[in-house]
Amino acid sequence: MTITATKFPIDLGAYKPLKLDPSNPVLTNEQRETLKANIQLCRDAIVLFTATGAAKGVGGHTGGPYDTVPEVMILDAFFRGAPDKFVPIFFDEAGHRVGTQYLMAALRGELPAEQLLKYREANSKLPGHPELGLTPGVQFSSGRLGHMWPYVNGVAMANPGKAVFCLGSDGSQQEGNDAEAARLAIAQHLNVKLIIDDNDVTIAGHPSKYLPGFSVAKTLQGHGLKVLEGDGEDIDDLYRRLCEAVTTPGAIAVINKRPMCPGIEGLEGSTHGHDVISVDLALKYLESRGQAAAVEHIKSIQKPKDSYTFLGSGDKLGANRNVFGEAMVEVLGRMSETERKEKVMVIDSDLEGSCGLKKIHDAYPEIFIPSGIMERGNFSAAAGFGMEKGKQGVFATFSAFLEMCISEITMARLNYSNVLCHFSHAGVDDMADNTCHFGINNMFADNGLDDGHETRLYFPADANQMKACVNAVFSDPGLRFIFSTRSKVPNILDGNGNDLFGSNYKFVPGKDEVVREGTAGYIVSFGDALYRSLDAVERLKQEGIDVGLINKATLNVVDEETMAKIGKTSFVVVAEAFNRRTGLGSRFGSWLLERGYTPKYAHLGTYREGCGGLWEQYPHQGIDPAGIMNKVKELAK
């Protein structure tokens with residue numbers, strides 16, 4: 001771990017460790033004032049170090065850890081006051097609230113306070129979600145919503161006689177996993193205490209508006225939990241309810257109502273508080289708190305940039321995750337309103353702004369359903385709509401969550417459904433959230449049988465190809481998965497410097513494309529790995545190695561013509577950001593051998609846990625141009 005020499009500009013030494021006995025539900029004046037001081041100190045610190053992520057462009061999340069400071073401070077005091085009664089871990093279902101884990105590690109002396117200033121940076125070991133074994137002081141890994149309560153049930157079983165806490169949220173409670181966890185917790189009389197931040201905010205909106213009728217409290221009561229609901233900003237009432245939860249046997253839910261980011265002007269109650277606080281709002285907040293040194297530190301930050309110049313691609317950067325939505329709007333615009341409403345249904349899982357669906361929502365709200373954080377159910381709803389011939393269900397979420405939908409994908413295939421899926425944030429590029437949010441197992445979607453309902457996987461290389469792909473496959477029957485990255489990608493150029501996928505280009509499903517010819521061997525790539533592979537090809541040609549490049553935008557169909565072309569050369573290298581164990585490369589070698597082709601073969605892909613940061617993830621995995629060139633030179637000997 002690289003330690004920054006800059007001193008943390010807020011004095012964390014002012015934190016006063018407190019011991020509280022949960023058998024006494026009333027705070028003394030001194031305890032109350034100490035709690036309030038600790039809460040304010042920690043909230044100031046969270047605003048500071050998460051804002052460094054905004055200043056550096058690596059993002060982060062401020063609202064969640066900021067909101068839950070009061071309950072975390074009380075739990076910390078419980079752990080100190082009665083250590084034999086608890087499993088002293090702040091298990092948290094919302095991995096993006098990792099700021100809590102890092103701050104508590106610093107307060108315990110397990111992480112240097114100065115390290116917090118490198119929040120989410122590459123190689124700082126402070127990724128956007130907690131990873132056990134990576135960061136000193138972090139006691140568990142958490143990433144995807146709805147995955148921690150079921151896990152905590154098992155922790156409670158392993159620690160009879162002790163209370164186990166799980167920090168939750170109204171967002172995580174929307175996941176089906178939590179319903180299953182609730183039933184087990186009640187049936188087995190598990191001593192699990194849910195501490196839920198119910199602020200009526202998720203990424204895309206307010207649950208009270210897009211899920212009318214959903215109530216965290218009523219849902220948990222229906223499962224059999226005792227619910228203790230109150231104002232999360234009322235310290236005395238919060239403390240009383242937490243004491244009652246601890247001293248009452250069994251599964252209890254302490255639900256804390258509060259606005260998002262209470263006390264932060266410009267963010268309080270806003271969906272924008274879910275993500276990282278802007279630099280301007282952070283400065284305004286810290287100035288109002290008299291934190292002059294913190295203000296100066298943020299002002300001194302310079303955003304890092306990737307200075308590498310990629311050969312073979314242009315300077316037009318496109319966000320394919322948004323281009324998907326723009327292309328869909330064009331397709332839908334060619335339909336009449338009646339036809340759209342009859343034949344298309346678009347369902348979101350709280351990520352419309354991240355997956356391009358907001359474009360559709362704004363243009364054609366009559367076919368758009370804003371829904372909750374319920375990937376499995378929402379995918380199946382889209383599939384059910386697309387069961388009838390001529391109808392299309394449209395679904396989108398992050399690629400990392402594709403793994404959660406495998407069974408539903410199988411059932412959609414068995415029911416001959418028509419679903420057009422957009423899974424954004426594929427691969428590893430720009431992924432400061434790190435390993436839990438890597439979209440690297442996308443080939444799992446192609447899990448049907450040879451004679452099953454058609455399934456196609458597409459990963460366009462740039463904005464031009466994304467538009468062409470959507471237009472080409474929108475009306476196709478079957479399951480279609482289109483992938484895009486979180487990062488922007490440049491336009492791919494042909495050998496004459498023109499757009500390879502220009503105005504006359506037509507996307508042909510199943511057809512591989514020759515980006516550059518080569519006589520020595522070929523690199524096969526796709527998506528955001530293509531422009532990096534193209535750079536490697538151009539540089540290798542300059543060094544006298546005449547290697548070619550194939551764009552395999554259709555991932556799960558063998559193009560026999562291309563296979564014959566490259567199979568007869570000396571070597572083939574597959575370069576991708578998918579999981580090396582499960583990606584295209586894990587299949588491609590077999591396809592060659594089945595056809596009697598025996599070139600030297602290698603495949604590069606994501607093979608180890610992430611390093612945080614943005615573009616730095618590519619060289620970390622050895623799939624940057626330098627890594628690709630080294631592999632080609634190794635095979636070309």
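Guide: Let's sort residues into classes first: Ala, Val, Leu, Ile, Met, Phe, Trp, Tyr, Cys and Pro count as nonpolar, Asp, Glu, Lys and Arg as charged, and the others, Gly among them, as polar. What you're looking at is a predicted model, where local features need pLDDT of at least 70 and side-chain atom pairs count only at pLDDT 80 or more, while totals for chains, interfaces and linings use all residues. Residues are numbered from 1 along each chain as its sequence is written, and side-chain values use heavy atoms, with hydrogens and water left out.

Now to the second largest pocket, with its nine nonpolar, six polar and nine charged lining residues. A pocket here is an open set of points on a 1 Å grid over the protein atoms alone, with protein on both sides within 12 Å along at least five of seven lines; lining residues have an atom within 4 Å of a point. Of its 24 lining residues, Asp306, Leu317, Asp430, Lys488 and Trp615 lie nearest the centre. Two or more residues each come from β6 (313-318), α12 (320-333) and α19 (528-542); helices (H or I, at least four residues) and strands (E, at least two) are DSSP runs numbered from the N terminus. With three residues, β6 has the largest share of this lining.

Next, the largest pocket, at about 1100 Å³. Its lining takes in 50 residues, and nearest the centre you'll find His61, Ile203, His274, Asp275 and Ser354. Look along α1, α2 (63-67) and α14 (352-355), the elements that each supply two or more residues to this lining. The top contributor is α14, with three. Sorted by class, the largest pocket's lining comes to 13 nonpolar, 21 polar and 16 charged residues.

The largest cavity's volume is about 50 Å³. Around it sit Cys42, Ile46, Pro65, Val69, Val72, Met73, Thr100, Leu103 and Met104. The elements giving two or more residues to that lining are α1 (29-56), α3 (69-81) and α4 (98-107). Eight residues of the cavity lining are nonpolar, one is polar and none is charged.

Terms used
1 Å grid on protein atoms, 1.4 Å probe; cavity = no way out; pocket = protein on both sides within 12 Å on 5 of 7 lines; lining within 4 Å. Points joined across faces, edges and corners; volume = space filled by probe spheres on them.
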